[in-house]
Each structure stands twice: as C-alpha cells, then as structure tokens.
Amino acid sequence: MAIIRNASAHWEGSLMEGAGKVTFESSDLGTHDVTWASRATESNGLTSPEELIAAAHSTCFSMALSHALAEAGTPAETIDTSAAVGFKPGTGITDITLTVTGKVPGLDAAAFEQAAQGAKENCPVSQALKSVPITLEVTFTE
C-alpha cells in the first residue's frame with residue numbers, strides 16, 4: 001500500500017494581486033504564505049512551489065544516494081545536497097541543478113560520481129520530474 005502525504009493550498013484573489021497559503025498537513029510543519037511576487041521575483045520571506053520542489057528533490061536525492069552507497073558497502077559519512085529549481089514566468093519550471101558534496105570513507109571521487117549519477121536518475125522525485133532537464137554538480141571530500 002502506498003504511503004500518502006498531504007499538503008493543501010488556499011488562494012484568494014487574482015494571480016497578480018492575490019495571496020495564498022500552503023499547509024503541510026502530514027507533518028504539521030505549519031502554514032506558509034505564498035504570492036505571485038514571491039514566486040516570480042524576490043521571495044521576501046515567502047515560499048513558492050519551486051522552493052518546495054527543491055526541498056523535496058534535495059532530500060530525496062540525498063536519501064537515494066545514501067542508500068546506494070550503503071548497499072555497495074561504503075556508507076557515507078556525510079552527504080550535503082542543494083537543489084536549484086529554475087522558473088520563468090510564462091514558461092514554467094525550466095531546469096533543476098542538484099549540487100552534492102559527499103564524504104565517503106573507502107570510496108574515491110570517480111565511484112562517488114557514479115553513485116551520484118545513479119541517484120539522480122533513480123530517486124523518486126527525479127523520476128517524477130523527468131520532463132525537466134536535471135543537471136548534477138558533484139564534489140567529493142576525502
């Protein structure tokens with residue numbers, strides 16, 4: 001049976017002048033404000049769908065990479081991933097860049113790069129976002 005996680009959004013007014021709130025229901029993380037301006041220009045302390053996608057993708061990728069490394073017998077000491085989701089008004093989400101730094105005792109940079117590429121291709125969020133170009137920048141700390 002699939003695990004279900006829930007969030008909801010409430011919007012009032014037009015796109016340009018209106019405002020909304022996104023509520024993280026499953027985790028009870030709270031309710032966060034969103035506006036078109038916070039999405040299309042500066043965030044000014046508000047969130048956006050692209051930031052939420054970036055959070056999901058960086059987390060999912062890190063989990064997938066951690067699992068792959070452990071399964072290969074070289075568990076990671078640390079994995080730090082950021083995701084940058086590009087958005088162009090009128091076009092939509094244009095690209096995603098994952099940037100990962102890892103410290104994995106007993107592994108070399110080439111093997112870490114290979115594992116990271118596999119995680120990029122196979123994490124569930126990457127799979128869901130296949131229509132968007134996803135690039136990966138890898139740094140390995142020995």
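User: Which residue of S6 does Ile 96 stand opposite?
Analyst: In this predicted model, strand S5 covers residues 92–103 and is joined to S6 by eight bridges, with the two strands running parallel. Strand S6 covers residues 134–141. Within S6, the residue opposite Ile 96 is Ile 134.

User: In what order do the strands of the open sheet with mixed pairing stand?
Analyst: Strands of a sheet pair through backbone hydrogen bonds, either parallel or antiparallel. The sheet in question is open, consists of three strands and has mixed pairing. Its strand order is S4-S5-S6.

User: Why is one side of S4 and of S6 left without a neighbour in the sheet?
Analyst: Strand S4 (78–88) and strand S6 (134–141) stand at the edges of their sheet. One side of each is left without a neighbour because each has a single partner strand. From one strand to the next, the twist in this sheet averages 15°.

User: Which strands are the edge strands of the sheet with antiparallel pairing?
Analyst: That sheet is also open, and its three strands have the order S1-S2-S3. An edge strand here pairs on one side only, which applies to strand S1 (7–12) and strand S3 (30–34). The twist of this sheet averages 20° from one strand to the next. The edge strands are thus named as S1 and S3.

User: What is the bridge partner of Ala 7 in S2?
Analyst: S1 pairs with strand S2 (residues 19–24) in the antiparallel sense, over six bridges. Ala 7 has its bridge partner in S2, and that partner is Phe 24.

User: Which strands does H2 lie across?
Analyst: Helix H2 comprises residues 49–71. Its direction is at about 145° to S4. The strands that H2 lies across are S4, S5 and S6.

User: At what angle does H3 run to S6?
Analyst: Helix H3 comprises residues 109–122. This helix lies across S5 and S6. Its angle to S6 is about 150°.

User: How many nonpolar residues does the contact of H2 with H3 have?
Analyst: From H2, the contact is made by Phe 61, Ala 64, Leu 65 and Leu 69. From H3, it is made by Phe 112, Ala 115, Ala 116, Ala 119 and Lys 120. These residues include one charged and no polar residue, and the number of nonpolar residues is eight.

User: Is Leu 65 buried or exposed?
Analyst: Leu 65 belongs to helix H2 and touches, among others, Ile 79, Val 100 and Phe 112. A residue counts as buried under 20% relative accessible area. Because its relative accessibility is 0%, Leu 65 is buried.

User: How far apart in space are Leu 65 and Met 1?
Analyst: In sequence, Leu 65 and Met 1 are 64 residues apart. In space, taken from C-alpha to C-alpha, they are apart by 24 Å.

User: In what sequence do the elements of the chain run from the N terminus on?
Analyst: The chain has four helices and six strands. Read from the N terminus on, the elements run β-β-β-α-α-β-β-α-α-β.

Technical notes:
Residues are numbered from 1 along each chain as its sequence is written. This is a predicted model: local features need pLDDT of at least 70, side-chain atom pairs count only at pLDDT 80 or more; totals for chains, interfaces and linings use all residues. Side-chain values use heavy atoms; hydrogens and water are left out. Buried means under 20% relative accessible area, exposed over 50%, partly exposed in between (1.4 Å probe, protein chains only). Contact means heavy atoms within 4.5 Å. Axes are lines fitted to C-alpha atoms, for helices over the stretch in contact, and angles run from 0 to 180 degrees between N-to-C directions. Ala, Val, Leu, Ile, Met, Phe, Trp, Tyr, Cys and Pro count as nonpolar, Asp, Glu, Lys and Arg as charged, and the others, Gly among them, as polar. Two strands pair if DSSP finds at least two bridges between them. Lists of a residue's contacts leave out its neighbours within four places in sequence.
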